[in-house]
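Trainee: Please pick one part of this model and take me through it closely, then show me how other parts compare in their surroundings.

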Amino acid sequence: MPKVTFLNQRGGFQETLKARVDAYFAEHQVKPTGNTALHIKTAVLLPSALALYIVLLAVTMPAWLAIVLSGLLGLALALIGFNVMHDACHGSYSTKPWLNELMGLTANCLGGNAFMWKMKHNVVHHTFTNVDGMDDDIQLQPLLRQSNNQKRYWIHRLQHIYGFLLYSGTSILMVTAADYRKYFTRRIQSTPIAHMSTKEHVIFWTSKVLYMFFYCALPIMVLGWGPWLVGFFVMHACMGMAFAIVFQVAHVVEDTHFEVARTDKKIEQEWAAHQVLTTANFAMRNKVISWLTGGLNFQIEHHLFPRISHVHYPKLSPIVQEVCREHGIPYTHYRTMGGAIASHYRFLRSLGRKD
Ligand SMILES: [Zn+2]
């Protein structure tokens with residue numbers, strides 16, 4: 001495993017940033033974890049997904065309506081992922097560790113696994129953001145070339161077209177292959193995963209079996225093979241697309257930086273500066289997008305302070321922007337989500353055409 005180190009220094013960008021953000025929370029006397037707004041979101045999203053699931057199984061309806069509702073179920077699951085699971089797995093949902101643990105299990109309800117997500121996302125992606133060879137989020141090779149350090153194949157000339165189609169398959173890949181691969185190889189890219197306790201093994205297998213029962217066996221028994229297959233694929237296509245787009249446009253765009261680590265690598269930046277340089281925000285003034293994406297449109301703030309709940313990011317953004325200005329670090333943001341998606345599209349196209 002290559003060893004990646006950062007050039008952290010005393011009194012630098014990272015320390016200043018932390019001091020200002022700590023001062024904000026002290027001054028306003030608020031906890032950095034989730035608040036009532038987040039609990040209301042949870043109370044809206046979890047029952048919505050459950051209601052859609054029950055209606056799809058219990059109510060006879062025309063095929064087109066079942067397809068629409070399956071798509072909505074996929075989107076509802078993605079929103080649970082962004083808003084509840086993501087915060088909980090970072091330990092920022094609540095001050096109570098047991099509540100974070102419980103809400104983190106929504107990852108398992110989506111077909112994934114909280115333990116594997118924490119390894120893949122909290123440890124690997126958040127530490128080695130956009131470092132090719134380490135960051136699992138930019139490793140869709142050979143199908144997709146997501147950084148200029150990766151080898152280019154002829155098929156990449158079309159990746160800006162089929163890439164989005166590929167994204168719709170990512171969540172089905174997570175459910176059927178990705179977690180099992182991590183489980184059996186005990187690695188995520190070049191990073192070994194932490195020791196799994198007996199409890200984690202039991203949770204892993206129990207939730208995979210429950211997933212197979214509730215998402216496959218039960219619907220097949222109630223609806224039959226054909227309707228289940230269509231609904232299952234539509235649900236996953238919507239969920240995978242939503243997930244991949246929100247995470248990809250935050251890192252894989254024209255103005256973000258990439259590193260490569262085939263062997264030991266010293267990144268000539270502080271860790272926090274690296275996070276800002278490899279990340280982009282979008283639609284920061286759009287409250288609807290902020291609500292839906294679980295504050296992941298403030299991805300810079302999230303990468304700097306993953307243990308602070310997303311409900312605080314809009315307030316932290318001006319502080320982060322100010323410190324970035326003082327240290328001459330570019331703060332990349334797109335005015336709209338469409339602008340960020342367009343930049344991602346152009347970036348994929350140019351990576352497919354030239355080295
Ligand atoms: Zn995160």
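Mentor: Let's start with F213, which counts as partly exposed because its relative accessible area is 37% (buried is under 20%, exposed over 50%, partly exposed in between; 1.4 Å probe, protein chains only). This is a predicted model, in which local features need pLDDT of at least 70 and side-chain atom pairs pLDDT 80 or more, while totals for chains, interfaces and linings use all residues. Residues are numbered from 1 along each chain as its sequence is written, and side-chain values use heavy atoms, without hydrogens or water.

F213 sits in helix α9, residues 198–223 (helices are DSSP runs of H or I, at least four residues, and strands runs of E, at least two, numbered from the N terminus). Together with L210, F214, M221, V222 and L223, F213 makes a nonpolar surface patch with about 550 Å² of accessible area. Patch members have over 30% relative accessible area and no salt bridge; nonpolar side chains (Val, Leu, Ile, Met, Phe, Trp, Tyr) are joined within 5 Å, like charges within 9 Å. Areas are Shrake-Rupley values with a 1.4 Å probe, only the protein chains shown counting as cover, and a salt bridge is a Lys or Arg side-chain nitrogen within 4 Å of an Asp or Glu carboxyl oxygen.

Helix α9 also holds W205, which is classed as partly exposed because its relative accessibility is 33%. Apart from neighbours within four places in sequence, W205 is in contact (heavy atoms within 4.5 Å) with Y180, Y183 and F184.

The largest nonpolar core has 58 residues (buried Ala, Val, Leu, Ile, Met, Phe, Trp, Tyr and Cys joined through side-chain atoms within 4.5 Å). Its residues with the most contacts inside the core are L73, L77, F82, F232, F243 and F282. Helix α3 supplies the largest share, 12 residues. F243 touches A78, G81, F82, M85, L110 and W117, leaving aside neighbours within four places in sequence. A second, separate core of 30 residues includes Y24, L304, L316 and I329.

L17 belongs to helix α1, residues 13–28, and counts as buried because its relative accessible area is 2%. Its C-alpha is 8.8 Å from that of A272, although L17 and A272 are 255 residues apart in sequence.

Next, the metal. The zinc ion is coordinated through the NE2 atoms of H86, H90, H121, H126 and H302, at 2.0 to 2.2 Å (donors are N, O and S atoms within 2.8 Å of the metal, or 3.2 Å for Na, K and Ca; water is not among the atoms, so sites may look incomplete). The donor spacing in sequence is H-x3-H-x30-H-x4-H-x175-H. H90 in helix α3 (residues 63–90) and H302 in helix α13 (residues 299–304) link parts of the chain 212 residues apart, and both are buried.

Finally, some backbone details. Most residues other than glycine have a negative phi, and most peptide bonds are trans. N130, in the loop between α6 (114–127) and β2, has a positive phi near 60°. A283 has a phi near 45°. The peptide bond from Q141 to P142 is cis, with omega near 0°.
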